[in-house]
Amino acid sequence: MVKGDLENRLRELGIYSDFYYRKELKALVQVLGDYERLNCLLTGVHEGNRKMLAVTDRRIIVLFTALGGGDVKIIRRESVKDWRFEKKWLFSSLIIETKGGASFTFTNTQGKLRDLFDRAMNEPIPAAD
């Protein structure tokens, strides 16, 4: 995927103005495949650091970029057992649990993106090519 395509998709989702300045987008462009469709993007605090969470039609991508390095974690959508998005006035949170027993908790996330996240997670996963 190229940056222009990602920016257009963020505009389609109505979240471009919330994320256009995020440095994680550069890394996200490199991680997203041409075959993937971005359906949601949000940030939250995970393991003590602010990270970006991207939900595509096939994967959940957790990005952390820091001065001098970064980290990318990939969760296949079919391996997600459960998720809970608790929308609160100021301090919304998101928990993703995998079938393998891993749990990812994001605090201080954008509560206004709950509907977009739920829609992205409920979208059918495409059949393997």
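**First stop: a loop residue**

Select glutamate 47, which lies in the loop between β1 and β2. The model is a predicted one, and in it glutamate 47 has a phi near 55°, a positive value in a residue other than glycine. Is glutamate 47 buried or exposed? Its relative accessible area is 57%, and the limit for the exposed class is over 50%, so glutamate 47 is exposed.

**The whole chain**

Now display the entire protein as a cartoon. Followed from the N terminus, the elements are arranged as α-α-α-β-β-β-β-β-β-β-α. Along the principal axes, the C-alpha atoms occupy a box of roughly 35 × 30 × 30 Å. The radius of gyration is 14 Å, which agrees with the value near 14 Å that a compact globule of 129 residues would have.

The accessible surface amounts to about 7,100 Å², and carbon and sulfur atoms supply 50% of it. Of the 129 residues, 45% count as buried. Among contacts with a separation of 6 or more, 48% are between residues 24 or more positions apart.

Colour the charged side chains next. There are 22 positive and 18 negative side chains in the protein. The centres of these two sets are 4 Å apart.

**Helix α1**

Select residues 3-13, which form helix α1. Which residues of this helix are buried? They are Leu6, Glu7, Arg9, Leu10 and Leu13. These residues are on the same side of α1, because the arc they cover around the axis is only 160°. Show the surrounding elements as well: the buried residues of α1 pack against α2 (16-19), α3 (24-31), β1 (38-46) and α4 (114-122).

For a contrasting position, select glutamate 12, also in helix α1. Glutamate 12 is exposed, with a relative accessible area of 58%. A distance drawn from glutamate 12 to tyrosine 35, C-alpha to C-alpha, is 17 Å, for a pair 23 residues apart in sequence.

Move to the position just after α1. Glycine 14 is found there, with a positive phi of about 80°.

Select helix α3. Its buried residues are Glu24, Leu25, Ala27, Leu28 and Val29. The elements against which the buried residues of α3 pack are α1, α2, β1, β2 (49-56) and β3.

To examine strand β3, select residues 59-66 and then pick threonine 65 within that strand. Threonine 65 has a relative accessible area of 18%; buried means under 20%, so this residue is classed as buried. Which residues does threonine 65 contact, leaving aside its neighbours within four places in sequence? They are Lys23, Glu24, Ala27 and Gly70.

The C-alpha atoms of threonine 65 and methionine 52 are 9.0 Å apart, and the two residues are separated by 13 positions in sequence.

**Helix α4 and phenylalanine 117**

Select phenylalanine 117 in helix α4. Phenylalanine 117 is buried, and its relative accessible area is 0%. Display its contacts, omitting the neighbours within four places in sequence: they are Cys40, Leu42, Leu53, Val55, Trp83, Phe85, Leu94 and Ile96.

How far apart are the C-alpha atoms of phenylalanine 117 and cysteine 40? They are separated by 5.7 Å, although the two residues are 77 positions apart along the chain.

**Last stop: strand β7**

Finally, select residues 103-109, strand β7, and centre the view on asparagine 108. Its phi is near 55°, again a positive value in a residue other than glycine. Asparagine 108 has 33% relative accessibility and counts as partly exposed. The glutamate 47 of the opening stop, by comparison, is exposed.

How values were computed:
Residues are numbered from 1 along each chain as its sequence is written. This is a predicted model: local features need pLDDT of at least 70, side-chain atom pairs count only at pLDDT 80 or more; totals for chains, interfaces and linings use all residues. Side-chain values use heavy atoms; hydrogens and water are left out. Helices (H or I, at least four residues) and strands (E, at least two) are DSSP runs, numbered from the N terminus. The radius of gyration is taken over C-alpha atoms; the globule rule is 2.2 Å times the number of residues to the power 0.38. Buried means under 20% relative accessible area, exposed over 50%, partly exposed in between (1.4 Å probe, protein chains only). Contact means heavy atoms within 4.5 Å. Accessible areas come from the Shrake-Rupley method with a 1.4 Å probe; for residues, only the protein chains shown count as cover. Lys and Arg count as positive and Asp and Glu as negative; His and the chain ends are not counted. The place of a charge is taken as NZ of Lys, CZ of Arg, CG of Asp or CD of Glu. The arc is that of the directions from the helix axis to the C-beta atoms.
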